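Before you set up any calculation on this model, please read the following points beside the coordinates.

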Amino acid sequence: AERDIIAFIHKHYPQHAILAEESGAAGESDTVWIIDPLDGTTNFLHGFPVFAVSIAVQQRGRLEIGVIYDPMRQEIFSAARGAGAHLDNRRIRVSKQRALEGALLATGFPFRDNDPNIDHYFAMFRTLTTLTAGIRRPGAAALDLAYVAAGRVDGFWELGLKPWDTAAGTLLIQEAGGRVGMLDGTPYQLGPHIVAGTPKVYEAMIEALAPHVPQELRGV
């Protein structure tokens, strides 16, 4: 799938650079395509129907286009800077949720028992579980971010992600009126740790998570 995506891009934009999950970085250009051909690989392998294709375009370090495709539901989430976010041809916005109380969050669990951040993560999980209506872990970060943009969940956080997991979803949320940052509330720069949500839920999540964010996770 990744080979086909890259071949199609290079057919039309042969000078553009690529950053992809399977093949890494290739080429030098002000325009970079950030590609995850299959987000939710474990789900896919087990026949669990939650996975997606995520593609974003970054120009001079700024996200300009983002698309997330859910082949099981035939849904295409898309965003262009300054043009809003859409689900198919319908404009989408983040939910109107203003507090953690009553909010539905999504997350992703660490999947290795030797993850150095696993204890910090589960402290965060425990705290947010007690403050919200519930937490879901579908297993595909790109779709989780798309669902924040579409108002299906009110917030999301996860540790240990890659740029191809979050690039398209970041722009979707921003264009849908939401906020995206790092664990300490600083602007998100496609790093490994992310918090996103409606403006008020995002602020509340940052405040609730603060006691559980060690110094080494701040600013990353």
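1. Leaving out residues up to four places away in sequence, Val-220 touches Met-182, Pro-192 and His-193, where contact means heavy atoms within 4.5 Å. Val-220 is found in the segment after α6 (199-209), and its C-alpha atom is separated by 9.1 Å from that of Leu-190, 30 residues apart along the chain. With a relative accessible area of 31%, Val-220 is partly exposed, a class that lies between buried (under 20%) and exposed (over 50%), for a 1.4 Å probe and protein chains only.

2. A word on the source: the model is predicted, so that local features need pLDDT of at least 70 and side-chain atom pairs count only at pLDDT 80 or more, whereas totals for chains, interfaces and linings use all residues. Residues are numbered from 1 along each chain as its sequence is written, and side-chain values use heavy atoms, with hydrogens and water left out.

3. Helices (H or I, at least four residues) and strands (E, at least two) are DSSP runs numbered from the N terminus, and two strands pair if DSSP finds at least two bridges between them. Strand β6 (residues 75-80) pairs with strand β7 (residues 84-87) in the antiparallel sense over four bridges, and Ser-78 has His-86 in β7 as its bridge partner. Three residues lie between the two strands of this hairpin, and Gly-82 in the turn has a positive phi of about 80°.

4. β7 also pairs with strand β8 (residues 90-92), in the antiparallel sense and over three bridges, with Leu-87 opposite Arg-90 in β8. The hairpin of β7 and β8 has two residues between the strands, and Asp-88 takes a positive phi near 55° there.

5. A nonpolar core is here a set of buried Ala, Val, Leu, Ile, Met, Phe, Trp, Tyr and Cys residues joined through side-chain atoms within 4.5 Å. The largest has 40 residues, and those with the most contacts inside it are Ile-34, Ile-68, Phe-77, Leu-143, Phe-156 and Leu-172. Among the elements that each supply at least two residues of this core are β3 (31-39), β6, β7, α4 (141-149) and α5 (163-175), and α4 gives the largest share, eight residues. Leaving aside neighbours within four places in sequence, Leu-172 is in contact with residues including Ile-68, Phe-77, Ser-78 and Ala-146.

6. On a 1 Å grid over the protein atoms alone, a pocket is an open set of points where a 1.4 Å probe fits, with protein on both sides within 12 Å along at least five of seven lines, and lining residues have an atom within 4 Å of a point. Grid points are joined across faces, edges and corners, and a volume is the space filled by probe spheres set on the points. The largest pocket has a volume of about 650 Å³; of its 28 lining residues, Phe-111, Arg-137, Glu-158, Leu-161 and Asp-165 are the closest to its centre.

7. The second largest pocket has a volume of about 210 Å³, and α1 (2-12) gives the most to its lining, with four residues. Its lining includes Ile-5, Phe-8, Trp-33 and Val-67.
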